[in-house]
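Visitor: I have a few questions about the space inside this protein. Please walk me through it.

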Amino acid sequence: MLENGHWRNFELRKHVKVVEGKIAPTLVLKNATYLNMFLNQWLTANIWIYNERIIYVGDKLPEQATEVVDCKGKYVVPGYMEPHAHPFQLYNPEVLAKHAAKFGTTTLVNDNLSWLFLLEKKKAFSILREFDKLPVSMYWWSRFDPQTAMLEEDQLFNTEDMLDWLNHPSVLQGGELTGWPSLLNGDDRLLYWIQEMKRKGKRVEGHLPGASENTLTKMKLLGISADHESISGEDVINRLKLGYQVGLRYSSIRPDLPQLLEEIIGAGLTSFEQLTMTTDGATPGFYENGLMNVCIEIAIQQGVPIEDAYRMASFNVAKHFHLEEQLGCIAPGRIANINILQAKDIPHPESVLAKGKWIVRENVEQELPSYINWEKYKIKPLQFEWDMDLRDLQFSIPIGLDMINDVIIKPYPIQTDITVNELPEYRDDAFLLLLDKKGQWRVNTTIRGFTKSLGGLVSSFSQTGDLIFIGKNKQDMLLAWKRLKELGGGIVLVQEGEVVAELPLLLGGRMFAGSMDDLIEKEKELKAKLLEFGYQFHDPIYSILFLSSTHLPYIRITQEGIMDIKKREVLFPATMR
Ligand SMILES: Nc1ncnc2[nH]cnc12
């Protein structure tokens, strides 16, 4: 069995016997025109697979094989790799992996932040092992900071645990480093973690939107390997120049890939070796047609040479993470993650193999079992042993949160009377409350731009797992809370005393327990309702998630209180209940 990308000695001996004709391959892809990454050419060969591994690629055919598939006239490429997944965006990592695999993305390199909030370290490591059983290759990051102001940050981020995380064989990178300002300001603990990561030969991902040449240079000196925050061709080229690996983003909040490619190609760039593409944790609806297959299609359309388009979503990713002996190419010894295409320039595979297992076969999806027993990890519907009431809905502070776009928020002086039970529709303000999931504290303010008329929203999906309430009407907000408790977590919308939309998140209050297709439908309904009630932007799920995210400007609502991001100062502390 494949464990962390390695096989046991006796299995390696067996693999050699397959080449010697003493053991039959489990699958042979005959007459396959495949993209050879080392020659950067399409070659024709027979690809022998034994269980999870590619054993032989060449002219010979075995005397026997369990299964032979004739690939004449087809094109065969390595399974696609998403280098930068946030696998907890309403979906859960298992469901995301299965969905991605249907479209040919069979490796995900995943954010670990939600594990830190959901499970203590031992349990988290145990669930990571369970993820090794998926046919999709699942790797992880090790975050260095919670990207919010937390009351008990040291419990999640301390050197002892960090060293265990960065030593973990499934962990390929540190970061993404959203807390880079404190690194620049002299945080030597952070620098130590980064250096340890680099000593292990692993990468460190930056998070450097808008960084100047000066900042990019300093971050390189401090150990940052890569960055995916470019929003212009110039950003991309500035990063490439300094030796960064650059991720071109195509996500629900920043679908920049087409423009980035147009600009870098326009600027004369002809080498794509240092580039990857990422969907950066898009919200479910954005994934309707897949992940990296969609990015490759865009790259081809924008004029990237076809071979480079595939490389950006496979071999370049593997090389960046030092995985090229295992993934990202079709050659002996690699994990059998392989896509079969009907044409070179159509990256949407008609057949997908992951660890040698059919995920899709001639456009027919294969049934996959459930691999993760969430109950075992006590990741289940939320239960609240406390209640809330009108006393929690007291608003008096003078500063509110003004949404500039999906994720940028500025402070504003509140000029509306917010001591009332219902805020009038002709004022933009809505009540905003962050309520401790354990019922100990609360932070009350207002928000502009999220809704014009919605009575009440509650969400247990949030950065820290605490509850976010937004609404115009206190009774509707209380009813939303009541429904959330009945459901055991999720997002609930109430209008004039009626629940008008709900999205149950029964796995720890932050992840959907059903299929990706159902989730996509539910998210669409929720979004349509929010637009109806005057949500002004594109991605309400991200707006909710990032309300507490201190890596974004200018003001946030956190466990500590209302925070001024630039000054790193709590403007109005949380109230004890
Ligand atoms: N920093 C971040 N945290 C969580 N989800 C994200 N999606 C994109 N960036 C993210």
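Guide: The model is predicted, so local features need pLDDT of at least 70, side-chain atom pairs count only at pLDDT 80 or more, and totals for chains, interfaces and linings use all residues. Residues are numbered from 1 along each chain as its sequence is written, and side-chain values use heavy atoms, without hydrogens and water.

Visitor: How many cavities of 30 Å³ or more does the structure hold?
Guide: On a 1 Å grid over the protein atoms alone, a cavity is a set of points where a 1.4 Å probe fits but cannot get out. Points join across faces, edges and corners, and a volume is the space filled by probe spheres set on the points. At 30 Å³ or more, the number of cavities is 3.

Visitor: Which strand gives the most to the lining of the second largest cavity?
Guide: This cavity holds about 80 Å³. Lining residues have an atom within 4 Å of a point, and Pro83, Glu205, Ala226, Gly247 and Thr276 are the closest to the centre among the 14. Strands are DSSP runs (E, at least two residues), numbered from the N terminus. With 3 residues, the top contributor is β12.

Visitor: How far does a polar side-chain atom of tyrosine 542 lie from a nitrogen atom of the ligand?
Guide: Tyr542 is one of the residues around the ligand, where near means a heavy atom within 4 Å. A polar contact is a pair of N or O atoms within 3.5 Å. For glutamine 147 the distance to a ligand nitrogen is 2.8 Å. For tyrosine 542 it is 2.5 Å.

Key. A polar contact is a pair of N or O atoms within 3.5 Å; within protein, one must be able to donate a hydrogen and the other to accept it, and residues adjacent in sequence count only if both atoms are side-chain atoms. On a 1 Å grid over the protein atoms alone, a cavity is a set of points where a 1.4 Å probe fits but cannot get out, and a pocket is an open set with protein on both sides within 12 Å along at least five of seven lines; lining residues have an atom within 4 Å of a point. Helices (H or I, at least four residues) and strands (E, at least two) are DSSP runs, numbered from the N terminus.
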